[in-house]
Each structure stands twice: as structure tokens, then as C-alpha cells.
Amino acid sequence: MAGVTDGERLGRVGKGLRVLVAVAGIGLLINGSVRASDDAWPFGPMSQYAMTVPDDARIDYTRISAVTDAGTTVDVPLNIEGAGVARAEIEARAGEIVNNPSLLQQVADGWARKHPDKPKYVKLELIRDTTQLVKGRVEGPPTSQILATWQVKR
């Protein structure tokens, strides 16, 4: 009976193709890891993966607060459906945003584009909330620090 048997070996083209795919995959993983950016996912780090936290540690949480043209203050939903940008991207670029708060304009523009019927953002603040753990327990309320402020341009 003709066909593939258990003892049949992979040909040169098949082996070469498999090696090429493996090398390309490893190259993409190395590139994403060196760049340390979620933009390269799935070929790089995904910074929002959970990890263990030491008993005595600081836990930082980055968020964006907005004042709307309706006079309310809200936390910006940092996801694709909300403002069009994920929290991981904001966290990864926090240093850039601190140095250039105008980058927050993209958040306001994304919100306005995705939610034309909702109040518009007029002021944005990049905020870091810090929770202190002592012996594995939360020590007091979180502290907040405003890292950057941006008056939204229309």
C-alpha cells in the first residue's frame, strides 16, 4: 500500500521550511523582547501579565482622569472600545507622556471619534496611584501623583 509510513523521513524542502519558520519566530521574539513593547505582541512582552508581588512592595497603577465639557471628572476607559488605546500602551509610554503631555491629545481625539454623542474631554491628567504593601497587606489608602496635565485642543 502506497502512502506515508511511520519510518518515512521529512525531505530537504520540508526541513528547510521548518527551520526557516523557527528562525523567523525566534527572531521576532528577540526583536519584541529587545524593544520591550507591547506593539510587537504576540512576538514580544505583554506587560499586563500578572506576576507575584513581594510582601513589602509598592504597587503602581497608571490611569488618566478627564474633565469633560459637561463639567464632570471621569476616569478614561483605557481600552480599545473606550478611548482607542490600551492601558498597557499608556503605561509603556508614561515617560514619553510626562516629557510631552501633548501626547494625551490622542486619547481625547480617540474618545471623541469613538463616542461623538458623549461629553468631550477638555483636560486630561496622567495619574499614578501607589498602594504600599507591608507584610503582604495594604498599608493605608493609595496615594495619587499627577504626572502630566494636558488642556485638550479642539
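Two strands are taken to pair if DSSP finds at least two bridges between them. Helices (H or I, at least four residues) and strands (E, at least two) are DSSP runs, numbered from the N terminus. The model shown is predicted: local features need pLDDT of at least 70, side-chain atom pairs count only at pLDDT 80 or more, and totals for chains, interfaces and linings use all residues. Residues are numbered from 1 along each chain as its sequence is written, and side-chain values use heavy atoms, with hydrogens and water left out.

Strand S3 (residues 121–134) is antiparallel to S1, to which 11 bridges join it. Within this pairing, Leu-126 of S3 is the bridge partner of Ile-64. S3 also pairs with strand S5 (residues 143–151) in the antiparallel sense, over 8 bridges; here Thr-143 of S5 is the bridge partner of Thr-130. Strand S4 (residues 137–138) runs antiparallel to S3 and is joined to S3 by 2 bridges. Val-134 has Arg-137, in S4, as its bridge partner. S3 and S4 form a hairpin with 2 residues between them, and Lys-135 in the turn has a positive phi of about 55 degrees.

Thr-62 is found in strand S1 (residues 58–68). Its relative accessible area is 10%, so Thr-62 is buried (buried means under 20% relative accessible area, exposed over 50%, partly exposed in between; 1.4 Å probe, protein chains only). Leaving aside neighbours within four places in sequence, Thr-62 is in contact with Leu-78, Arg-87, Ile-90, Glu-91, Leu-126 and Ile-127, where contact means heavy atoms within 4.5 Å.

**View C. The aromatic pair of Trp-111 and Tyr-121.**
A search of the whole structure finds 1 aromatic pair. Trp-111 and Tyr-121 form a stacked aromatic pair, at 5.1 Å centre to centre and with 15 degrees between the planes. Because Trp-111 lies in helix H4 (residues 105–114) and Tyr-121 in strand S3, the pair ties together parts that are 10 residues apart in sequence. Rings of Phe, Tyr and Trp (its six-membered ring) pair if their centres lie within 6.5 Å; planes under 30 degrees apart count as stacked, over 60 as edge-to-face and the rest as tilted. Trp-111 counts as buried at 11% relative accessibility, and Tyr-121 counts as buried at 4%.

**View D. Lys-153 over the ring of Trp-150.**
The charged end of Lys-153 sits over the Trp-150 ring, 5.1 Å from its centre. A charge sits over a ring if NZ of Lys or CZ of Arg is within 6 Å of the ring centre and within 35 degrees of the ring normal.

**View E. Salt bridges.**
The count comes to 6 salt bridges, each being a side-chain nitrogen of Lys or Arg within 4 Å of a carboxyl oxygen of Asp or Glu. Asp-69 forms a salt bridge with Arg-154, the closest N and O atoms being 3.8 Å apart. Asp-69 lies in the loop between S1 and strand S2 (73–75) and Arg-154 in the segment after S5, so this pair ties together parts that are 85 residues apart in sequence. Asp-69 is partly exposed at 43% relative accessibility, whereas Arg-154 is exposed at 73%. Glu-125 and Lys-123 also meet in a salt bridge (3.7 Å, N to O). Salt bridges that share partners join Arg-63, Asp-75 and Asp-129 into one network.
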